[in-house]
Amino acid sequence: MANKIRKIDILTGFALAACYFVMLFSTLDIGFSRDEGFYFRAAEEYSRWYDELVDNPAQAFTKKSIDQHFAYNPEHPALPKMMYGLSWRLFGRMHDPVSEPWSRVWYHNTRPPKTLMGIMTESTAMRLPALILNSLLVMFIFLFAVEFFSRRVAFVSSLAWMFLPHAFWHAHLACFDMPVTTMWFLVSWFFLRATPPLAERKACRRRTWGLAALAGVAWGLALSTKHNAWFIPVGFLAWYLISRWEEVLPKGTDGRRHFAFGNIPPAFWMMLILGPLVFFLLWPKLWFDPVGQMSFYIGRHAKHEYYWAYFFGTLYTKPPFPVSFPFVMSLMTIPTPIVLLALTGQLKTLREWWQKRRGRGYRIARPLPIVYRDTVLFIFLNLLIPFMIIAAPNTPIFGGTKHWLPGVTFLALFAGLGFEVVVNAINGLGERFHAFRSRIVRTLIIVACLAAIMVPAAFDTIHGHTNGSTYYSATFGGFGAMGRFGMQREFWGNSAFSALEWLNANAKKNAQVDFHDTAWDSVKMYWRDGLLRRDIKPLWDFAKADYHLFHWHKEFLDLEERGRQAMNSQVPIHVVEQDGVPLLNVYQRPPRAPAPRVLPVVRPRGLPPTPPTRATPEDTATPASPPTTRNTTGNAGGQE
Amino acid sequence: MKISRAAMLVGLAIPLASILYFAADLVIVNRVPDQADWKAAAEVIRGRWKEGDLVVFSPQWAQGASAWLQGLNVDTGENPDWYEASRSERVWVLASMNGRREAPPEGWTVIFSRDLHKVSVDLWKPPAGPRPVFSFRDHIGDALVSRLHGQRREICSNQRNGRWYCGREHPWQFVGQDSKDVAGRVRDIIWAHAIDKAVVEAAWPAVPAGRTLTVHYGLTQRAAESREGSPVKVRILKNNVTVFEDVLAPDSWGWFRKDITLDPASTTDIRIQISAKDPQSRQFTFSADVWR
């Protein structure tokens with residue numbers, strides 16, 4: 001039987017989630033990545049559907065209305081963008097098109113909506129649903145671990161998740177990767193709760209079906225968040241077939257196995273029925289053309305273009321990509337103390353499993369507090385599958401770490417289990433040395449050890465959080481690993497954020513800035529949030545720009561060189577760096593030489609001098625070159 | 001049952017390792033120079049700057065000082081290239097973080113050194129000996145570029161902006177100046193993309209007298225990573241005699257060097273020929289310098 005979740009557990013989980021929310025909310029100085037810019041735009045356009053829903057509900061559910069409002073970014077489900085749009089409309093501080101007429105062009109169809117509550121900047125309002133959901137994940141991790149392990153494991157697992165720099169950075173964005181991570185975990189939690197051993201399921205049928213329904217709905221929400229969710233049942237099925245196959249193939253009285261259809265866990269049925277149903281209901285694009293939209297959706301992601309990844313000095317542009325990529329990147333981008341804990345947790349559970357299998361379970365001095373025998377396999381499979389998807393040589397890997405974050409939440413659970421090894425060691429001291437017999441002393445040492453592990457991870461998470469997606473652990477040289485080992489630096493276009501202050505202070509009036517990898521929709525949001533001077537004009541052509549913001553990506557280095565030549569500027573005027581590693585270079589076009597007051601006249605040899613074709617009053621005032629003959633305008637210099 | 005000694009050691013090693021990790025973390029973060037450090041280093045360089053000097057970084061990726069070095073000759077390549085640097089009269093090494101322990105290759109001599117708070121500035125002189133006297137890239141205008149279709153020679157006579165075309169301007173079918181990411185950094189190179197069913201030849205009929213001709217060659221980063229086309233064959237002829245041949249595999253990654261002895265008393269005819277059976281993405285590049 002799983003541990004009971006008590007009120008104090010919910011309160012503790014909520015407190016941890018609240019702490020994480022405060023951490024996220026107080027570190028919002030993170031630039032808008034390319035995809036976030038696209039989702040800002042999608043959220044804004046989708047939010048217009050709410051207007052129609054309020055003004056004319058019958059019209060809102062017509063194909064025309066859906067096609068009109070949900071046309072943009074149809075390759076991803078609508079739910080997150082609808083939530084971002086709703087939050088933006090409710091809480092965002094919009095610009096007033098009357099007092100700020102220039103702001104019209106920053107909005108869809110040049111129509112800024114009216115401010116409702118206006119309690120936060122527009123980008124923060126867009127990000128708010130993600131911030132809340134991602135904070136709730138901390139609570140889910142805590143409650144999951146309380147239910148299947150112990151409170152201590154739960155606390156350490158939650159902390160381990162909170163202090164992951166890459167996850168923390170992604171948790172700020174109005175994107176899909178962290179929300180789907182949360183949803184993956186939530187579905188797994190409900191599924192595991194709904195799938196105890198058969199006897200338990202039969203004993204509490206109502207509870208089991210209720211939890212199964214929750215798992216189904218949660219999977220539908222996960223599917224409505226991002227396509228990673230389609231892989232969730234793979235792990236569940238694998239786990240069930242490995243650990244519980246006897247439930248569906250029990251031995252009959254004749255000693256032969258037969259298929260027991262009724263023993264299939266209700267969670268599978270509910271996921272099969274409710275998942276697609278919720279998915280369908282929450283994606284308006286499916287309502288009128290489900291086959292066409294699904295074909296497009298599957299085709300788009302099955303044949304996704306390859307984003308290039310820089311990995312140990314090699315730029316991977318096409319398959320086969322290295323199988324080691326997600327594993328090595330995780331090793332390098334998760335603070336080493338957390339990695340050590342997680343690996344220890346995995347090894348300890350493996351050892352216990354092996355000893356029990358060999359009938360030597362009695363030799364385990366302090367067994368890990370695990371509720372069901374197969375719980376560890378469940379979390380291991382859910383950890384492994386997201387990694388394996390990206391490790392497959394033909395999967396586009398986009399250069400970042402966000403695509404296997406759903407697996408990292410389960411790694412945090414192993415970290416929680418790993419801390420039990422530390423606790424056992426401290427208790428071992430108590431067994432051997434008199435000075436450590438006191439429970440208070442041992443508790444203090446445990447707290448100190450936890451602090452020793454978590455403080456560096458917390459430091460890593462907060463230090464350089466603006467560029468958190470470029471974090472590498474100190475074991476590999478910190479952020480310097482990017483340069484030292486030839487690894488991916490900038491994520492996708494977000495580093496421009498750190499150059500805005502410099503641009504605002506130094507760019508001439510009406511300067512034209514080539515924003516390079518920053519998306520137009522991200523630039524618009526910088527304007528709307530007041531982060532970019534409104535006279536600065538973005539363009540994506542360094543041949544015409546006054547400033548070129550070069551985002552440091554290996555694949556763009558040839559382009560940087562062309563940019564330098566086009567701008568006639570070999571050395572950047574401003575460098576955005578993180579711990580000494582340049583992430584973005586700002587090139588400035590040198591000021592042009594002033595045009596000569598008099599255009600030079602080239603005279604053919606042998607011809608008599610001719611008067612200048614035109615003279616200005618200043619020219620006539622120059623004593624060194626007094627006009628001696630009438631000029632063509634006839635009214636300056638000479639006498640009529 | 002008592003907890004085993006090994007289990008205790010493992011358990012206690014984790015917080016201990018974490019403390020060491022944190023110490024390393026703090027050291028790494030605290031040794032990063034700030035703007036004041038970069039500015040101070042730049043002032044030192046500017047104070048003793050001479051025409052023909054070059055600034056490089058150590059480690060080469062730590063280029064935060066660039067903004068303070070406006071107007072100077074700064075190497076902003078991703079990785080160091082001491083061969084290129086040795087073409088300069090003097091080289092300033094602006095070192096920070098773990099780059100402060102690194103030094104140029106053997107033979108370089110330090111002529112000035114200044115340790116600042118988080119950076120150090122060292123002025124180095126390249127090894128004594130031959131100096132570069134002739135760059136093929138700078139003298140691309142002197143080149144005779146042609147395509148050999150069996151016995152037939154097609155002369156490429158259209159020269160625009162340091163590039164020779166066989167006929168109209170073409171985005172990649174030319175021999176001439178370009179800057180490309182080759183083997184870890186953007187380099188100033190001569191582009192000589194292999195073409196279909198012909199040998200591309202670039203000839204310098206009167207290379208000045210010198211001791212050594214140093215040729216560097218390789219495929220661009222894009223070409224090496226694309227793994228397309230067939231191997232590229234490169235042949236160097238000195239006075240119409242083949243002195244070097246090499247074949248670059250489709251994924252060949254490197255900036256390969258070949259030194260060829262020259263006649264120190266008279267000019268030499270140097271020809272470089274490039275061919276590939278399947279020229280798809282065979283972005284061959286080279287540079288060559290005469291040292292005397």
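Two strands pair if DSSP finds at least two bridges between them, strands (E, at least two residues) and helices (H or I, at least four) being DSSP runs numbered from the N terminus. By that criterion, chain B holds an open sheet of six strands in the order β7-β6-β12-β17-β14-β15, with antiparallel pairing. The model is predicted: local features need pLDDT of at least 70, side-chain atom pairs count only at pLDDT 80 or more, and totals for chains, interfaces and linings use all residues. Residues are numbered from 1 along each chain as its sequence is written, and chains are lettered from A in the order in which they are written.

**The sheet of chain B**
- β7 (152–156) and β15 (241–248) of chain B are the edge strands; each has a single partner strand, so one side of each lacks a neighbour in the sheet.
- Strand β14 (residues 232–238) of chain B pairs with β15(B) in the antiparallel sense over seven bridges.
- B:I236 has B:F244, in β15(B), as its bridge partner.

**Chain B overall**
- Chain B contains four helices and 18 strands.
- Its C-alpha trace spans about 85 × 60 × 35 Å along the principal axes.
- Of the 292 residues of chain B, 39% count as buried (20 or more other C-beta atoms within 10 Å of the residue's own, with C-beta atoms placed from the backbone).

**Contact between chains A and B**
- Chain A contributes 46 residues and chain B 44 residues, two residues being in contact if their C-beta atoms, placed from the backbone, lie within 7 Å.
- Among the elements of chain A that give two or more residues to this side are α18 (336–357), α20 (405–432) and β7 (581–588).

Technical notes:
Buried ≥ 20, exposed ≤ 12 C-beta atoms within 10 Å, placed from the backbone.
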